[in-house]
Amino acid sequence: MSKSCAVIVGDIGGTNARLQLLWYSRNQQVLIPSIVNVTRQTYRTNTFTGLNAILQRFLDDIENEQQLEDVLNAVKTKNIRIVLAVCGPIWNNRRSNDANNVRMEPGGVGWPQQHADTIENDLKLNPNSLVFLNDFEAIGYCLAAQVDDEANNLCKFTKIFSIHQVSLEQNPKTNTPIACLGAGTGLGACFLSPDGLGRYKVYPSEAGMTDTFSPRSEEEWLLLKYLRHNQSFIEVEQLVSGPAFVTMLKFYSEYLNQPLSSKLNYELEQVSQDDAPAVIAQHARDHNDSLCLRVVDTFLDIFGRVLGTAAQTFLPYRGLYITGGILPKLTWRWQNNSENVLLKSYLNQGAKMSEIVAHVPLMLINDDDLGLKGCLYYMTNHDDQFPSI
């Protein structure tokens, strides 16, 4: 007998909140559940005061759409299971989340700690129907789905580019860890290890929050000093993220005693802080703006070093993956370029470790839905942890 429910998966980033509704049917006689995509929405995260407000908006939008009767009944009767990928550490058996690095308007202050119990009570959901995943843990589950022959096709990603390819002859170690770093609003990380049964276990990481930037030139020492002007602890994500574009643009304008062009300055004044990095990257590409090009190249250089450090930390001979919304938009700068700053910095890890890093494949995934797909894969493997359908 088949039992069904509505499933909401969400990827709540610092900029965008992506939510997807699926119809989930489990037949006890069939190993793989039937999953059908119903609808999805994207909202600006910082226009909401918490996860409960985002979920309530999504539920309201679902009820206002013309959905199938079974779906509407499930939403109205709260026959729903929810898996949310959220930034920050996850506590209390996936029931609470410290999201203090998410801004909410007005004032840019952080969200309070998010509790599943509170959200379930606010939205009148069934107890234990909501779980949290760290956002990069969710991406890790999506990576795990790629090597699981039984994963639902909705969990698979499609666009992947090889930045540094390693042949099997050079690297036969396929039953080894996988790692992932992604630059967006922040710098996220996760790693996976084989379980011996053909699948991978996923582990979240806060590697992007470590104070690990090591300057290699006088210019970079001045950049570090600039960052330390108002703070003593510098997370590496302050140099490898979207907000880093804005910081480095201000630094280079002062360091080079070069004011912003009037066009760039005007366009930056017209957009939010979240959209400013895209404006800077566009001026580097379309207008050959020297300050913006300096920002892009510094970002690629430091990101390459961080990736090389991750390759040494995890030894992910099965693959080191790059995700996030920034690097795909910079392919014009690093792809098919003899001066590929990203790859050069990745492979240049000193006399002792460069050869080791050269055996770690480096790949870019261009897929905004990795978090959603990872949440869905988690659900298919852990649906026994939720209330019975």
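1. The model is predicted: local features need pLDDT of at least 70 and side-chain atom pairs count only at pLDDT 80 or more, while totals for chains, interfaces and linings use all residues. Residues are numbered from 1 along each chain as its sequence is written, and side-chain values use heavy atoms, leaving out hydrogens and water.

2. The largest nonpolar core has 55 residues, of which Phe299, Phe303 and Leu320 touch the most other members. A nonpolar core here is a set of buried Ala, Val, Leu, Ile, Met, Phe, Trp, Tyr and Cys residues joined through side-chain atoms within 4.5 Å; buried means under 20% relative accessible area with a 1.4 Å probe, protein chains only. Helix α9 (residues 290-314) gives the most to this core, 14 residues; helices are DSSP runs (H or I, at least four residues) numbered from the N terminus.

3. Beyond its neighbours within four places in sequence, Phe303 is in contact (heavy atoms within 4.5 Å) with Ala183, Leu187, Val240, Ile322, Leu327 and Leu342. A second, separate core of 38 residues includes Cys5, Ala145, Leu376 and Tyr377.

4. Thr298 lies in helix α9. Is Thr298 buried or exposed? Its relative accessibility is 9%, so Thr298 counts as buried. Leaving out residues up to four places away in sequence, Thr298 touches Met248 and Tyr252.

Note on methods: Buried < 20%, exposed > 50% of the residue type's maximum accessible area, 1.4 Å probe, protein only. Helix = DSSP H or I, 4+ residues; strand = E, 2+ residues; numbered from the N terminus.
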